[in-house]
Protein chains: 2
Amino acid sequence: MKFRRSERLIDMTDYLLKHPRKLVPLTFFAERYSSAKSSISEDLAIIKEVFEVRGIGTLQTVSGAAGGVKYQVHSTYEEARKFIGQLCETMTSPARLLPGGYLYMTDILGDPAIVQKVGRMIASKYSKTPVDVVMTIATKGIPLAYSVANYLNVPVVIVRRDSIVTEGPTVSINYVSGSTNRIQTMSLSKRSLAAGSNVLIVDDFMKAGGTVNGMVSMLEEFRANVAGIAVLMEAEQAEGRLVDEYLSLIRLKDVDLKQKQIKMCEGNYFSE
Amino acid sequence: MKFRRSERLIDMTDYLLKHPRKLVPLTFFAERYSSAKSSISEDLAIIKEVFEVRGIGTLQTVSGAAGGVKYQVHSTYEEARKFIGQLCETMTSPARLLPGGYLYMTDILGDPAIVQKVGRMIASKYSKTPVDVVMTIATKGIPLAYSVANYLNVPVVIVRRDSIVTEGPTVSINYVSGSTNRIQTMSLSKRSLAAGSNVLIVDDFMKAGGTVNGMVSMLEEFRANVAGIAVLMEAEQAEGRLVDEYLSLIRLKDVDLKQKQIKMCEGNYFSE
């Protein structure tokens with residue numbers, strides 16, 4: 001069956017979007033559509049332009065025998081600004097205030113459209129970093145981790161606060177929660193992470209950084225490397241933070257329980 | 001800026017894939033590309049054909065003033081057969097056997113490509129059912145639930161086995177785990193689910209169905225409706241199951257710990 005250009009463009013767009021960061025040889029598309037490689041090259045030039053103009057992502061063409069084309073997610077500055085601005089606004093609603101100064105975020109983390117956008121933002125920043133695995137801790141970070149992992153085309157490992165019977169032997173470590181100063185335990189299935197992996201740590205919220213720091217210690221235990229640390233929201237800390245380098249989308253500046261006011265601003269996403 | 005057909009097709013494909021089950025008026029695309037509605041109609045006819053031929057999904061065109069186009073995920077019979085067959089094979093590896101006859105599935109649930117496919121399969125079956133929310137229980141069902149919810153374009157609510165401080169007031173119920181016969185507790189944040197919602201319950205594994213049954217009771221508590229129940233894997237049950245109607249992709253027939261053998265077959269996915 002022969003495909004016309006218009007048909008190829010639709011199917012190639014779908015294929016590339018579903019396989020981010022994968023180098024697809026031109027011959028793959030040439031065979032898929034019984035078309036000449038020169039036609040495929042022209043198709044890709046059109047897709048590349050539209051992807052860039054519409055902020056869908058970038059297409060990188062690698063020439064030579066082992067060459068091909070690679071789609072990488074990329075969110076534009078305008079898109080990120082707008083989205084992070086909206087997120088700040090959504091988060092400052094006084095109805096979100098819970099006893100103890102906690103904020104209700106369940107609705108935000110339960111909205112796949114928002115979770116996808118957050119994943120796009122984070123993945124964009126690490127699209128050129130070697131990342132083999134995304135790591136998070138149960139439960140709230142899980143959807144964000146999968147969204148990032150989808151865009152980076154890598155697996156997810158989930159650290160747990162309890163140890164369950166259906167994951168086989170686990171490695172457990174103790175860590176100190178930075179905000180409460182209590183000693184806690186986290187564990188990870190032994191066969192879920194290979195030594196030498198480059199791991200991007202993703203979580204929903206970071207206060208002093210105790211939990212993230214625990215995950216860093218866990219990586220040491222597995223002799224894996226920290227490729228990056230990214231959180232949706234960080235809380236401004238008067239005292240020292242346990243984690244130095246990280247990426248945050250929004251920052252909680254202040255919670256005034258009496259006045260029922262939440263102050264939120266953008267995180268360090270734009271500060272490089 | 002005017003867009004050529006080839007450019008429109010690429011951007012429309014991206015847009016439709018990102019907005020499943022949403023009715024997009026033709027005028028939206030006409031304005032987006034400064035094009036005549038007749039051209040948009042022709043574009044959509046091409047996209048519809050390619051989506052169907054390549055098994056990407058279906059495009060439904062609604063005519064009239066309130067009309068537009070709606071993309072729905074649809075996995076073909078061949079795709080489902082192949083994927084479910086592979087899944088059965090992957091799951092029968094003796095290396096998956098854990099003490100107590102449990103099976104190691106962490107790698108499968110940690111692979112976003114597999115999770116996406118499972119989500120596609122399940123969402124395909126419910127693409128025409130009214131579903132407002134996907135519900136799951138922490139922890140293992142979460143990635144599957146988000147994948148299904150993405151394809152159905154609805155939010156996710158997560159029932160928890162513990163009650164945490166950052167979700168506000170919760171509703172808790174007791175349920176009996178069908179396999180262990182122990183009484184357990186599950187809770188759900190009060191503001192996370194509206195009365196009257198049509199809820200699709202998604203989980204990774206169902207044995208006797210106690211946990212799923214607990215979620216059904218939870219829905220009664222919220223005066224919400226069960227739109228469906230879907231699990232990745234069910235275990236064959238000698239004794240009665242607590243849940244009648246459900247969808248399963250694969251079925252665990254038997255685990256022989258002595259012979260280190262796992263018997264797996266397809267679930268009821270194809271049996272309608």
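**Notes on a predicted two-chain model**

1. Start with Asn153(A). Its relative accessibility is 39%, so Asn153(A) counts as partly exposed, because the partly exposed class lies between under 20% for buried and over 50% for exposed. The model is predicted. Asn153(A) sits in the loop between α7 and β6 of chain A. Its phi is positive, about 60 degrees, although Asn153(A) is not a glycine. Most residues other than glycine have a negative phi, and most peptide bonds are trans.

2. Chain A as a whole. Chain A has eight helices and twelve strands. Its C-alpha trace spans about 65 × 45 × 30 Å along the principal axes. Chain A holds 272 residues, and 54% of them count as buried. Take the contacts in chain A between residues at least 6 apart in sequence: 62% of these join residues at least 24 apart.

3. The six-stranded sheet of chain A. Read its strands in the order β6-β5-β9-β10-β11-β12 (chain A). The sheet is open and its pairing is mixed. β6 (156–159) and β12 (261–266) of chain A are the edge strands; each has a single partner, so one side of each has no neighbour in the sheet. From one strand to the next, the twist averages 25 degrees.

4. Pairings to check in that sheet. β10 (residues 225–235) and β11 (residues 247–256) of chain A are parallel and share five bridges. One pair to look for is Ala235(A), with its bridge partner Leu252(A) in β11(A). β11(A) and β12(A) run antiparallel, joined by six bridges. Here Ile250(A) has Glu266(A) in β12(A) as its bridge partner. These two strands make a hairpin with four residues between them. In that hairpin Lys260(A) takes a positive phi near 55 degrees.

5. Helix α7 of chain A. This helix (residues 142–152) lies across β5 (133–137), β6, β9 (198–206) and β10 of chain A. It runs at about 145 degrees to β9(A). The loop between β5 and α7 of chain A contains Thr139(A). The peptide bond from Ala138(A) to Thr139(A) is cis, with omega near 5 degrees.

6. The six-stranded sheet of chain B. This is an open sheet with mixed pairing, in the order β5-β4-β8-β9-β10-β11 (chain B). At the edges stand β5 (156–159) and β11 (261–266) of chain B, each with a single partner strand, so one side of each lacks a neighbour in the sheet. Neighbouring strands are turned by 25 degrees against each other on average, direction ignored. β8 (residues 198–206) and β9 (residues 225–235) of chain B run parallel and are joined by eight bridges. Within this pairing, Phe205(B) has Met233(B) of β9(B) as its bridge partner.

7. Helices packed on the chain B sheet. Helix α4 (residues 77–91) of chain B touches β9, β10 (247–256) and β11 of chain B. Its direction makes about 170 degrees with that of β11(B). Helix α7 (residues 142–152) of chain B touches β4 (133–137), β5, β8 and β9 of chain B. Its direction makes about 145 degrees with that of β8(B).

8. Around α7(B). Ten of its eleven residues are buried, so α7(B) is largely enclosed by the rest of the structure. The buried residues include Ile142(B), Tyr146(B), Tyr151(B) and Leu152(B). Thr139(B) is in the loop between β4 and α7 of chain B. The peptide bond from Ala138(B) to Thr139(B) is cis, with omega near 10 degrees. Just after α7(B), Asn153(B) has a positive phi of about 60 degrees.

9. A hairpin in chain B. β2 (residues 57–62) and β3 (residues 68–73) of chain B run antiparallel, with six bridges. Leu59(B) stands opposite Tyr71(B) in β3(B). Five residues lie between the two strands. In the turn, Gly64(B) has a positive phi of about 100 degrees.

10. Asp14(B) belongs to helix α1 (residues 5–18) of chain B. At 6% relative accessibility, Asp14(B) counts as buried. Leaving aside its neighbours within four places in sequence, Asp14(B) is in contact with Thr13(A), Leu17(A) and Ile56(A). Arg223(B) is in the loop between α8 (210–221) and β9 of chain B. Arg223(B) counts as exposed, at 65% relative accessibility. Its phi is positive, about 50 degrees, although Arg223(B) is not a glycine.

Technical notes
Residues are numbered from 1 along each chain as its sequence is written. Chains are lettered from A and ligands numbered from 1 in the order in which they are written. This is a predicted model: local features need pLDDT of at least 70, side-chain atom pairs count only at pLDDT 80 or more; totals for chains, interfaces and linings use all residues. Side-chain values use heavy atoms; hydrogens and water are left out. Two strands pair if DSSP finds at least two bridges between them. Axes are lines fitted to C-alpha atoms, for helices over the stretch in contact, and angles run from 0 to 180 degrees between N-to-C directions. Contact means heavy atoms within 4.5 Å. Buried means under 20% relative accessible area, exposed over 50%, partly exposed in between (1.4 Å probe, protein chains only).
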